[in-house]
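My notes follow the picture below.

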Amino acid sequence: GYPVYQYTEPADITRQADLMTANIIDHIGLSRVPLTITFNHMCTDVRFSVKNQGVENLIIKSITLVGVKHNGTLKNNTWTLTGSANSLSSNPFVLTANANIADGNTLDVTGTDKHFVLLPQTVTAGTELFIVKAVMDGIETTYTHTLPANMTFSMGKSYTFNITLNQKMMIVDPDTDIETWTPEQIDYINPQSGFGIQDWLPAEE
């Protein structure tokens, strides 16, 4: 039958990993034709872009993602999620940025190594989804974003939340950027040490 994989996303986002699978259908096993295998992302990529609007000295201390489930079972490219959503007191996903953003500039604070990896799911309206801690002109400020409507994080997609910070408030663009998560953006878990993917040919008779 189909392989079954049980997975729990760790709270440490530097250890969060995407899972990838490939389906090979109706391939002749003894064929000498090269086999091209396309691997697809089974998880969801989440990123944050922050713009400084009128703050002389702005430091993004951290972004914490909460309100999402992090335990699941993958079978036949379908996730079944279990357990409760994370929270500030239970398995929060924390990005420690300590990033300076000059007035008028925009920065992708997740970069290449600080993005969040989620299990695909729908988060309901009214859920507190993320908390931003910033130091603005020497004063530490905390902002919380609550979803105004249900939001679906789809398998194989990359979501970027665009945030603007000024002296009075945090503004979250309602139009989240959604793109296909390309292989060039991923880290993956090898099934075993030294495992590689090679063109396979049958032994000579």
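I began with the rings: F48, F116, F130 and F161 are linked into a cluster by ring pairs. For a pair, I took rings of Phe, Tyr and Trp (its six-membered ring) with centres within 6.5 Å; planes under 30 degrees apart are stacked, over 60 edge-to-face, and the rest tilted.

Before going on, I noted that this is a predicted model, where local features need pLDDT of at least 70 and side-chain atom pairs count only at pLDDT 80 or more, while totals for chains, interfaces and linings use all residues. I also noted that residues are numbered from 1 along each chain as its sequence is written, and that side-chain values use heavy atoms, with hydrogens and water left out.

**Ring pairs**

How many aromatic pairs does the structure hold? I found 6. One of them joins Y5 and Y7, which are tilted at 45 degrees between the planes and sit 6.1 Å apart, centre to centre. I checked burial next (buried is under 20% relative accessible area, exposed over 50%, partly exposed in between, with a 1.4 Å probe and protein chains only). Y5 comes out at 37% relative accessibility, so I put it down as partly exposed. Y7 has 10%, so I put it down as buried. Then I looked at F153 and Y159, an edge-to-face pair with 5.2 Å between centres and 65 degrees between planes. Buried or exposed, F153 and Y159? Both are buried.

**The sheet**

I turned to an open sheet, where 4 strands run in the order 8-5-12-13 with antiparallel pairing. Strands here are DSSP runs of E, at least two residues, numbered from the N terminus, and two of them pair if DSSP finds at least two bridges between them. Strand 8 (93-101) and strand 13 (139-146) are at the edges with a single partner strand each, so one side of each has no neighbour in the sheet. On average, neighbouring strands of this sheet are turned by 15 degrees against each other, direction ignored; the axes are lines fitted to C-alpha atoms, and angles between N-to-C directions run from 0 to 180 degrees. I followed strand 5 (residues 58-65), which pairs with strand 8 in the antiparallel sense over 7 bridges. T64 stands opposite V94 of strand 8.

**One residue up close**

My last stop was M136, in strand 12 (residues 128-136). Its relative accessible area is 5%, so M136 is buried. What does M136 touch, leaving out residues up to four places away in sequence? I listed V55, N57, L58, T141, Y143, N166 and Q167, with contact meaning heavy atoms within 4.5 Å. M136 and L58 are 78 residues apart in sequence, yet 4.8 Å apart in space, C-alpha to C-alpha.
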